[in-house]
Amino acid sequence: MPRSPRTPPLRFSTQTLFLQLGVVLLVVLLSAAVHAWLTYDRVGREAENQALTLARAVAADPSVQANVLAISEGAGTPPPAVLRAGPLMAAAEAVRTRTGALFVVITDETGLRLAHPDPDRLGEKVSTDPSEALAGQEVTTRNTGTLGPSAGAKVPVYAPGTGTGTGGGTVVGEVSVGYSMESVGQSVARDIGPVGLTAAGALLAGVLASFLLRRRLQRLTLGLEPEEISTLVHDQVAVLQGVDDGVIGVSADGRISVFNAAAQRLLEQPDLSGTPWADAPVPEQLRTLTRPDAAEADAIELVAGGSVLVASARKALHRSEDLGWVVMLRDRTELQQLTRQLDAVGTMSAALRAQRHEFANQLHTIAGLMSIGQHQQARSYLAGLAATGPLKFPVDQAELLQDPYLQAFVGAKGVEADERGVTLRIGPETLVRGQVTEPQDVTTVLGNLIDNAVNAAVAGSSPDRWVELEVLDEPHDDGGTLHIVVADSGDGLAAGTNAEAVFAEGFTTAAGPVVPAPAAAGGRSGGKSGGQGLGLALARKLARRRGGDVRLLEPGTPGGPGAVFMASLPRTTAGTTAGTLAGTQDLAGKDNDA
């Protein structure tokens, strides 16, 4: 069975038009209704006041007072025929006819009708409560009686010569006057006409304004629907802000049109959108990429904002129109740091597996000795294990390290150093009582320093190749600070090398002289980064992010000993006490005599 064609949804501008029309109509109707109600209430109050004035006048008539008093003092109430022909009925009807009131009713002190527009109801109890008026109070009312809904008033009738209620007069009856609410409604209908015309004019003006607004909205949005505009915005945010690459857009007139958050972070600059590209505080290499005579070349490496960046530029064209340039920035430092952390985790994992295997072998040995009754040999074997420490790695004085992360990681590094002919040893001043709480950061910095020291020892001229490590934790309330000092037997840094230059991205050494090339091998480079000159820069950057630092204590001498580096890593240990460091030497000021 063929499916009926689906009705396309209304366009946003059409929906907006209908919404505006609905709002205008609702406001106009609500305003008209409120005005009608206020007018109705005002006219009703006017009818009540008019009824009160008329009731007072009738109740103050001396003849009415005298006739009501005479009936009240008599025995019983006269029959309806007598009342119909009496003076009270004549007076009440004359007033009602003259004023256009719905009714003028006179009662005695018990509430029995003495005058009423309907003669058949004479002598009966009034349909509404007369107690307040008979008690001497004047009241206005809106209720429905035998003659229909009305707005009226009730006023007491006093005996002649006894004064009013405030003067202590005697109440002998009451007068009720009412005006029909239908006449009130007719008055409101007459007054509401101008309001209706005004509302119609406002509605017409609102409709015209809605149509004009709809046309302007279509021009401003180029006819695009909100879903299409939202998609464009989402795409722009995803491309410019949702990626880790820095994006710089340079318009054809030479101004920066796009400077996303990643570019601000990598270049350590605020948003430069709108700034002339020629005057922007960016590295000159980036401007070189966008010169008019520049061709689209391969990516280049540069140092900016404390990071090693890879930059490339492409010409932006739309059909044949030149839109400017797009410069892309990628952070190579973060990639190197991540690689370094993964290497540290892998090294520690391998060391822990080896230690677990060795521990299992030791337990089997002890179990075997106990099973054959060699208790003395088992005790000697355990004593030997306690004397040599928990690590069975080629690391001298490894028992000074109590933390399992440091034990495993330094032990694994000792195995790697031993394979290259370098002895890794723990310095006598080492004292770590707390537990490492940030193993990745610690192993990243420590691994860089040890790898650099091993490389320097291998490249050094001394036949006795060694690397010495000293670690000390300093307690703090918010986490202990781990101090690390690494020395080696290498030839040190070249004469005249600036102490801060070794931490610059791209710095490396090769066989003594300084070679500022990322591809150089050996020397104080990035450790396992392959001599790319990023290791020390990464270590310092990570330490400073934590509030610490990595610095050069001694540049070393030709023939050894080599350079000495120190790292401070705050908030990386826990469980230390204030007395842990009593009597120890400040690592920041001591000279390592390795």
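The following conversation goes through a predicted model of one protein chain.

Visitor: What sort of model is this, and how are residues numbered?
Guide: The model is predicted: local features need pLDDT of at least 70, side-chain atom pairs count only at pLDDT 80 or more, and totals for chains, interfaces and linings use all residues. Residues are numbered from 1 along each chain as its sequence is written, and side-chain values use heavy atoms, with hydrogens and water left out.

Visitor: What is the mean pLDDT of the chain?
Guide: The mean is 77, and 78% of the residues reach 70 or more. Here pLDDT is the predictor's confidence in each residue, from 0 to 100.

Visitor: Where is confidence lowest and where highest?
Guide: Confidence is lowest in helix H10 (residues 332-371), at a mean of 72, and highest in strand S15, at 92. Helices (H or I, at least four residues) and strands (E, at least two) are DSSP runs, numbered from the N terminus.

Visitor: Which residues have pLDDT under 50?
Guide: Residues 510-531 are one such stretch, and the model has 66 contacts for them beyond four places in sequence. Residues 577-594 are also below 50, with 35 contacts beyond near neighbours in sequence. A contact means heavy atoms within 4.5 Å. Where pLDDT is low, the predicted coordinates should not be read in detail.

Visitor: How many helices and strands does the chain have?
Guide: The secondary structure comes to 14 helices and 17 strands.

Visitor: And how much of the chain is buried?
Guide: Of the 594 residues, 41% are buried. Buried means under 20% relative accessible area, exposed over 50%, and partly exposed in between (1.4 Å probe, protein chains only).

Visitor: Turning to rings, how many aromatic pairs are there?
Guide: The structure holds 1 aromatic pair. Phenylalanine 503 and phenylalanine 565 have ring centres 6.0 Å apart and planes at 80°, so they form an edge-to-face pair. Rings of Phe, Tyr and Trp (its six-membered ring) pair if their centres lie within 6.5 Å; planes under 30 degrees apart count as stacked, over 60 as edge-to-face and the rest as tilted.

Visitor: Which residue lies over the face of phenylalanine 503?
Guide: Arginine 540 does, at 3.8 Å from the ring centre. Arginine 540 is among the buried residues of H14, a helix in which 9 of the 11 residues are buried. Elsewhere, the charged end of arginine 425 sits over the ring of tryptophan 466, 4.4 Å from its centre. A charge sits over a ring if NZ of Lys or CZ of Arg is within 6 Å of the ring centre and within 35 degrees of the ring normal.

Visitor: What span should helix H12 have?
Guide: At 1.5 Å a residue, the 16 residues of H12 (residues 404-419) should span 22 Å, and the end C-alpha atoms are 23 Å apart, which agrees. The expected span is 1.5 Å times one less than the number of residues.

Visitor: What is found at the start of H12 and just after it?
Guide: At the start, a side-chain oxygen of aspartate 403 reaches to within 3.1 Å of the backbone nitrogen of leucine 406. Just after H12, glycine 421 takes a positive phi of about 80°. Leu406 is one of the buried residues in H12, which also include Phe409 and Ala417.

Visitor: Which residues other than glycine have a positive phi?
Guide: Glutamate 268 is one, with phi near 55°, and arginine 571 is another, at about 55°. Most residues other than glycine have a negative phi. Glutamate 268 lies in the loop between helix H8 (261-267) and helix H9 (284-289) and counts as exposed at 56% relative accessibility. Arginine 571 is in strand S17 and is partly exposed, with a relative accessible area of 37%.

Visitor: Last topic: what does valine 24 contact?
Guide: Leaving aside neighbours within four places in sequence, valine 24 is in contact with Ala202, Leu203 and Gly206. Valine 24 is in helix H1 (residues 12-59). Valine 24 and alanine 205 are 181 residues apart in sequence and 9.3 Å apart in space, C-alpha to C-alpha.

Definitions and conventions: Polar contact = N/O pair within 3.5 Å; in protein donor to acceptor, adjacent residues only side chain to side chain.
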